[in-house]
Amino acid sequence: MTGTNHIELICYHCEFYKPSDVGLECAAFKILRHLIETGKITEEDVKLAASTSCGQSVVKSV
């Protein structure tokens, strides 16, 4: 998974995310990216969490 895909998967759901902030990474993004990359959680886990916590079931392309 590329950095852009991580942004699409994780950041789109954040109320503070702006597409112009692509170069910025908050702590939550870094933690989730690490957990995905080390196999502790899956992309599906993140999608499920976003849909239940944020009410968004679709990953938006940036």
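## Accessibility and two reference residues

A residue counts as buried under 20% relative accessible area, as exposed over 50%, and as partly exposed in between. By this scale Ala-28, with a relative accessible area of 45%, is partly exposed. Ala-28 sits in helix α2. Its C-alpha atom lies 8.9 Å from that of Ile-10, although Ala-28 and Ile-10 are 18 residues apart in sequence.

Pro-19 has a relative accessibility of 56% and therefore counts as exposed. Pro-19 is placed in the loop between α1 and α2. A C-alpha to C-alpha distance of 10.0 Å separates Pro-19 from Glu-8, and the two are eleven residues apart along the chain.

## Model and confidence

The structure is a predicted model. The mean pLDDT of the protein chain is 81, with 79% of its residues at 70 or more. Among the elements of the chain, α2 has the highest mean pLDDT, 93, while α1 has the lowest, 80. Where pLDDT is low, the predicted coordinates should not be read in detail.

## Overall architecture

The protein chain contains three helices and zero strands, and its pattern along the sequence is α-α-α. The chain has 62 residues, of which 21% are buried. Of the contacts between residues at least 6 apart in sequence, 57% join residues at least 24 apart.

## Nonpolar core

The largest nonpolar core consists of eight residues: Ile-7, Leu-9, Ile-10, Cys-11, Tyr-17, Phe-29, Ile-36 and Val-46. Helices α1 (3-10) and α2 (27-37) each supply at least two residues of this core. The largest share, three residues, comes from α1.

Which residues does Ile-36 touch, not counting residues up to four places away in sequence? The contacts of Ile-36 on this count are His-6, Leu-9, Ile-10, Ile-41, Glu-43 and Val-46. Among these partners, Leu-9, Ile-10 and Val-46 are listed with Ile-36 in the largest nonpolar core.

## Largest pocket

The largest pocket holds about 400 Å³ of space. It is lined by 22 residues, and those closest to its centre are Ile-10, Cys-11, Cys-14, Cys-26 and Phe-29. Two or more lining residues come from each of the elements α1, α2 and α3 (43-54). Helix α3 gives the most to this lining, with five residues.

How does the lining of the largest pocket divide into nonpolar, polar and charged residues? The lining comprises 18 nonpolar residues, one polar residue and three charged residues.

Terms used
Residues are numbered from 1 along each chain as its sequence is written. This is a predicted model: local features need pLDDT of at least 70, side-chain atom pairs count only at pLDDT 80 or more; totals for chains, interfaces and linings use all residues. Side-chain values use heavy atoms; hydrogens and water are left out. A nonpolar core is a set of buried Ala, Val, Leu, Ile, Met, Phe, Trp, Tyr and Cys residues joined through side-chain atoms within 4.5 Å. Buried means under 20% relative accessible area, exposed over 50%, partly exposed in between (1.4 Å probe, protein chains only). Helices (H or I, at least four residues) and strands (E, at least two) are DSSP runs, numbered from the N terminus. Contact means heavy atoms within 4.5 Å. pLDDT is the predictor's confidence in each residue, from 0 to 100. On a 1 Å grid over the protein atoms alone, a cavity is a set of points where a 1.4 Å probe fits but cannot get out, and a pocket is an open set with protein on both sides within 12 Å along at least five of seven lines; lining residues have an atom within 4 Å of a point. Grid points are joined across faces, edges and corners, and a volume is the space filled by probe spheres set on the points. Ala, Val, Leu, Ile, Met, Phe, Trp, Tyr, Cys and Pro count as nonpolar, Asp, Glu, Lys and Arg as charged, and the others, Gly among them, as polar.
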